[in-house]
Amino acid sequence: MTSAITIDHISKSFILRHNRAFGIKARFLSVFNASKRERKEHFQALQEISFNVARGEALGLLGPNGSGKSTLLQIIAGILKPTSGKLITRGRVAPLIQLGVGFNPEITGLENIYLNASLYGFRNKEVKNRLEKIIDFAEIGSFIDTPLKHYSSGMQMRLGFSVATHLDPDIMLADEILAVGDQAFQEKCLRKIVELRQNGMTLILVSHSYDQVQRFCDQFIQLESGKIINSGVTSNVHIADI
């Protein structure tokens, strides 16, 4: 089976800077007080991570806060570059990592749809064919012609989710954002993801909930301190009906 995502010995490290002195006064004081001097710390967020996700498969990433889940997802999305290792993705990637990223608060919701879709490589003519479905799914009504800065955070999230899921993604990356809006809208989002999966979309889902991973995913990987400590097949192999 063709791989949609190949992760080959990916590692990611950061340099954390403590007591960074920005002003002249702070720099002067640090000369006489060791506790105020800048200190650099090497932080290893991911260590030698390797796995493949087949086309159409769903993989759940489990682990506590700080385990490296979100860092790994950002690398797959192309937001971060790995320190070492190799990443291959095949197809259009929809990163539902922070809904609304790429939106401009000064222009209308409608204009933002075209702007955001252009980041996925869509032309205006292609977006126009999907426009009605995107607006209807987001449930923002007449606000579509209002500048985004007047939207509530929930409205922005709904619009971001609607745009990403109506642009035929081959791979969806979801980071704890399946709970969008009220309960009714959440269920609609979950049904949309099931629909996309049934049409062959590959899914990587970051979650603290093993039950949620069981519901949506075929395989799981458990991370701790940047390392894979467990992996395997979820007990619920097939996509659950909602």
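**Exercises on ring contacts and burial**

Lys-12 lies over the face of Phe-14, 5.1 Å from the ring centre; for such a charge, NZ of Lys or CZ of Arg is within 6 Å of the ring centre and within 35 degrees of the ring normal. The model is predicted, with local features requiring pLDDT of at least 70, side-chain atom pairs counting only at pLDDT 80 or more, and totals for chains, interfaces and linings using all residues. Residues are numbered from 1 along each chain as its sequence is written, and side-chain values use heavy atoms, leaving out hydrogens and water.

**Exercise 1.** Classify the ring pair of Phe-137 and Phe-185.

*Solution.* Step one: rings of Phe, Tyr and Trp (its six-membered ring) pair if their centres lie within 6.5 Å; planes under 30 degrees apart count as stacked, over 60 as edge-to-face and the rest as tilted. Step two: the centres are 5.7 Å apart and the planes stand at 70 degrees, so the pair is edge-to-face. Step three: Phe-137 and Phe-185 are both buried (under 20% relative accessible area; exposed is over 50%, partly exposed in between; 1.4 Å probe, protein chains only). Step four: ring pairs join Phe-137, Phe-185 and Phe-161 into a cluster, and Arg-158 lies over the face of Phe-185 at 5.7 Å from the ring centre.
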